[in-house]
Amino acid sequence: QVQLVESGGGLVQPGGSLRLSCAASGSIFSINVMGWYRQAPGKQRELVAGITSGSSTNYADSVKGRFTISRDNAKNTGYLQMTSLKPEDPAVYYCNADVVSDSSRRVFRYWGQGTQVTVSS
């Protein structure tokens, strides 16, 4: 079994910054793609950013130039650095990971529990 635990959410003023972390633990051989999604009240969950094991990245147009996704493969941890936060950024942010199982070498997708990001003055 694998667990993803997010941290780093909170309240920030417009224009401020936050850094989210997503730590994976458990039966992990390796992690393929890691991603960050967000879901605001009344809206569908949307992809914010993704990163491959080789550190290729992709971003939603709404966050390009403001958010940076990264990962530390040795720590099985992903990060989302968010800067210039806007009033439209508040949501619950979720991480996910495509994990290669240590026992079976099969790939499973796991989700974290989510962390709240609030932008308010």
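A: Strands here are DSSP runs of E with at least two residues, helices are runs of H or I with at least four residues, and both are numbered from the N terminus. The model is predicted, so local features need a pLDDT of at least 70 and side-chain atom pairs count only at pLDDT 80 or more, while totals for chains, interfaces and linings use all residues. Residues are numbered from 1 along each chain as its sequence is written, and side-chain values use heavy atoms, with hydrogens and water left out.

The chain has 11 strands and 0 helices. A nonpolar core is a set of buried Ala, Val, Leu, Ile, Met, Phe, Trp, Tyr and Cys residues joined through side-chain atoms within 4.5 Å. Buried means a relative accessible area under 20%, exposed means over 50%, and partly exposed lies in between, with a 1.4 Å probe and protein chains only.

The largest core has 29 residues, and those that touch the most other members are L4, W36, V48, F67, L80, M82 and Y93. Two or more residues come from each of β1, β3, β4 (28-39), β5, β7, β8, β9 and β11. Of these elements, β9 gives the most, with 5 residues. In soluble globular proteins, nonpolar side chains tend to be buried together.

A contact means heavy atoms within 4.5 Å. Leaving out residues up to four places away in sequence, Y93 touches E6, L20, W36, Y37, R38, V48, F67, L80, M82, G114, T115 and V117.

Two strands pair if DSSP finds at least two bridges between them. Strand β1 (residues 2-7) runs antiparallel to β3 (residues 18-26), and 6 bridges join them. In this pairing Q3 stands opposite S25 of β3. On β3 there is also an antiparallel pairing with β8 (residues 77-82), again over 6 bridges. There R19 faces Q81 of β8. In a regular strand the side chains alternate between the two faces of the sheet.

Two of the residues that Y93 touches, E6 and R38, lead on to other parts. E6 is also among the contacts of G112, which include L4, Y94 and C95 when neighbours within four places in sequence are set aside. G112 is in the loop between β10 (107-111) and β11 (115-119), and with a relative accessibility of 12% it counts as buried. From G112 to D89 the C-alpha distance is 19 Å, across 23 residues of sequence.

R38 is buried at 7% relative accessibility, whereas E46 is partly exposed at 36%. Another pairs R109 with D98, at 2.7 Å from N to O. R109 belongs to β10 and D98 to β9 (residues 91-101), so this pair ties together parts 11 residues apart in sequence. R109 is partly exposed at 47%, while D98 is buried at 15%. Shared partners join the salt bridges of R38, E46, R66 and D89 into one network. D61 and K64 also form a salt bridge, at 3.1 Å from N to O, and both of these residues are exposed.

Two loop residues remain. Most residues other than glycine have a negative phi. S55, which is not a glycine, has a positive phi of about 70°. S55 lies in the loop between β5 (46-51) and β6 (57-59) and is partly exposed at 43%. N76 has a positive phi near 50°. The loop holding N76 runs between β7 (67-72) and β8, and N76 is partly exposed at 22%.

For the chain as a whole, buried residues make up 41% of the 121 residues. The C-alpha atoms fill a box of roughly 50 × 25 × 25 Å along the principal axes.

Notes: A salt bridge is a side-chain nitrogen of Lys or Arg within 4 Å of a carboxyl oxygen of Asp or Glu.
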